Amino acid sequence: MESYLNENFGVQPKHTSEEVLGRWRNLCGVVKNPKRRFRFTANLSKRYEAAAMRRTNQEKLRIAVLVSKAAIHFLLGVSPSDYTVPENVKDAGFQVCADELSSIVEGHDVKKLKFHGDVDGLAEKLSTSTTDGLNTNTDQFNRRKEIYGINKFAEAKLRSFWIFDVSTNASSLCSEIPDSSLKLLLQTIFNNTGGEVVANKDGKREILGSPTETALLEFALSLGGDFHAERRATKTIKVEPFNSTKKRMGVVLELPEGGMRAHTKGASEIVLAACDKVINSDGEVVPLDEESVKHLNLTINQFANEALRTLCLAYIDLENKFSPDDSIPVSGYTCIGIVGIKDPVRPGVKESVALCRSAGITVRMVTGDNINTAKAIARECGILTDDGIAIEGPDFREKKMEDLLELIPKIQVMARSSPLDKHTLVKHLRTTFEEVVAVTGDGTNDAPALHEADIGLAMGIAGTEVAKESADVIILDDNFSTIVTVAKWGRSVYINIQKFVQFQLTVNIVALVVNFSSACLTGTAPLTAVQLLWRNGEAIFGLVGPDSGLILNTLIFNSFVFCQIFNEISSREMEEINVFRGILDNYVFVVVLGVTVLFQIIIIEFLGTFANTAPLTLTQWFVSILIGFVGMPIAAALKKVPV
């Protein structure tokens with residue numbers, strides 16, 4: 001049905017223009033059942049409603065932005081000196097209320113912050129300390145809770161597979177690292193991170209963050225590091241979160257002994273290229289010579305070949321005064337070390353990939369990891385084969401169109417890729433190679449590829465809201481094995497629809513052709529099948545006597561039923577010639593077929609008066625079955641005709 005719509009009317013499964021859809025709907029206006037005639041096309045009325053809703057939302061958003069701007073102008077026009085401390089806050093011993101704190105934080109109001117004396121001034125007005133924390137006085141604690149509410153941080157307990165910038169080798173590793181190197185290592189892991197170490201509601205230590213950040217924090221804690229003490233020892237000046245383009249993150253710290261230091265962490269080969277010095281095994285900073293670079297690259301490749309995700313940790317001491325408006329340096333770093341993180345393959349993934357391959361589905365892996373890491377994981381999953389190609393995103397971007405035509409069908413792994421690389425690959429597979437493409441993803445960066453694909457599958461647990469909105473299907477358990485189930489059910493429904501349509505078309509088309517052809521030949525109203533065969537039927541079967549007409553009708557009825565029975569068997573497979581293979585495995589089909597034949601025998605032989613039939617001889621039964629069977633070789637021959 002999809003290929004018919006595409007070839008004759010230009011109706012695509014996705015992204016069909018409104019002009020084409022309108023033309024198709026006008027053509028199908030005579031079809032009675034609207035639910036069936038537009039099953040494979042988008043609902044234009046719904047599309048218009050969605051467009052109108054988008055315009056309404058855009059207008060609401062525009063109004064909200066204007067109102068926000070007006071509110072900001074109003075707030076900027078109010079002088080911070082107009083602030084008056086509420087009486088209940090004064091009576092409790094504090095000099096700033098909760099609403100004022102909220103306006104400073106949510107509005108990023110630097111002017112108000114300076115008015116209250118920056119962080120130290122606010123701490124004083126809150127009767128607390130930036131170093132010692134809250135006062136343990138019970139009365140003041142109760143007053144604080146009454147004024148500011150309960151400061152409670154509760155997170156759902158996470159299951160992590162990292163339990164398998166460790167514990168058994170941590171103590172021995174700690175003894176081998178010089179104190180100066182260990183200090184730098186703990187400083188960079190605890191400060192240059194998107195994770196957090198907190199105490200849960202049971203009072204136990206809990207690590208929050210992505211799997212990568214969780215693994216690094218767990219490693220640093222196992223080395224004897226103190227997350228909160230390390231964070232208090234320095235002052236954060238600027239933070240640059242992880243960027244998928246730069247493939248690294250950074251932070252600038254003000255050191256307790258004076259001076260500033262920038263830390264960076266990211267893709268090993270990228271961060272290492274920004275280093276010109278390295279810390280040796282004695283804890284000394286030495287120039288990064290050719291031998292050291294070779295050793296570090298060898299380490300990266302060894303980790304990557306073992307399917308470990310590698311990160312390079314580095315720092316640079318800033319001699320000049322650093323402003324938060326300045327960019328974090330991109331070169332001149334000192335390499336602290338390389339870490340390898342194991343990202344284990346989930347159980348059942350390898351088997352699922354093999355099942356997809358046997359079903360004619362090509363699985364491709366598009367990732368931001370190092371190419372050696374990606375290749376090792378892909379081999380472990382069974383994605384990368386001997387005849388497949390692994391390529392890096394930058395190389396893929398530089399290829400010309402004629403090179404891509406030869407390259408894309410062979411690509412099985414794309415490493416160090418950007419969101420645009422993934423989108424480009426999907427677009428070429430869909431348009432240039434006319435493949436049906438399904439894309440999985442969980443991040444915001446995957447949204448363009450998910451939207452471009454014929455079927456977008458977002459992860460329900462780790463997936464962002466943007467990814468889920470761009471997807472067609474949400475995988476609730478984030479497991480690749482479930483994707484195989486999705487494909488299995490999708491194919492099953494599609495094939496069963498094909499079988500049903502083929503079976504129904506053969507029945508209805510024959511009935512229409514017989515009736516209309518008879519009308520054309522005789523010039524009278526359409527005749528029934530019994531009337532058409534009446535003239536020659538009796539002579540062919542040698543029927544004489546008063547019951548000859550009834551026997552002939554029964555013979556015609558019996559032949560027609562067996563035609564449908566054998567047609568039902570032929571419809572089991574849409575392309576295969578041997579339709580009997582595996583027929584006994586589908587017991588429901590066998591039972592239905594057997595019951596149909598059994599009831600046909602009962603109707604013909606024993607229910608003559610009720611069904612207006614007459615018993616048939618063995619020869620007549622054989623002829624009826626033979627006539628029905630003739631449809632099978634015809635169906636097999638038609639399957640050989642290319643479509």
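Helix α12 (residues 211-222) lies across β4, β5 (260-267), β8 (308-318) and β9 (333-342), at about 110° to β9. Here, contact means heavy atoms within 4.5 Å, while axes are lines fitted to C-alpha atoms, for helices over the stretch in contact, with angles from 0 to 180 degrees between N-to-C directions. Helices (H or I, at least four residues) and strands (E, at least two) are DSSP runs numbered from the N terminus.

This is a predicted model, in which local features need pLDDT of at least 70 and side-chain atom pairs count only at pLDDT 80 or more, while totals for chains, interfaces and linings use all residues. Residues are numbered from 1 along each chain as its sequence is written, and side-chain values use heavy atoms, leaving out hydrogens and water.

**The sheet**
- An open sheet of 7 strands runs in the order β3-β4-β5-β8-β9-β6-β7, with mixed pairing; two strands pair if DSSP finds at least two bridges between them.
- Because β3 (235-243) and β7 (285-287) stand at the edges with a single partner strand each, one side of each has no neighbour in the sheet.
- On average, neighbouring strands of this sheet are turned by 30° against each other, direction ignored.
- β3 and β4 (residues 248-254) run antiparallel and are joined by 6 bridges; K238 has V252 in β4 as its bridge partner.

**The hairpin**
- β1 (residues 196-199) and β2 (residues 205-208) run antiparallel, joined by 4 bridges, and V198 stands opposite E206 in β2.
- This hairpin has 5 residues between its strands, and G203 in the turn has a positive phi of about 85°.

**Positive phi in loops**
- Most residues other than glycine have a negative phi.
- S127, in the loop between α8 (118-125) and α9 (138-148), has a positive phi near 55°.
- S127 counts as partly exposed because its relative accessibility is 22%; buried means under 20% relative accessible area, exposed over 50%, and partly exposed in between (1.4 Å probe, protein chains only).
- E434 also has a positive phi near 55°; E434 sits in the loop between α20 (419-431) and β13 (438-441) and counts as exposed at 69% relative accessibility.

**The chain as a whole**
- The chain has 29 helices and 15 strands, and 36% of its 643 residues count as buried.
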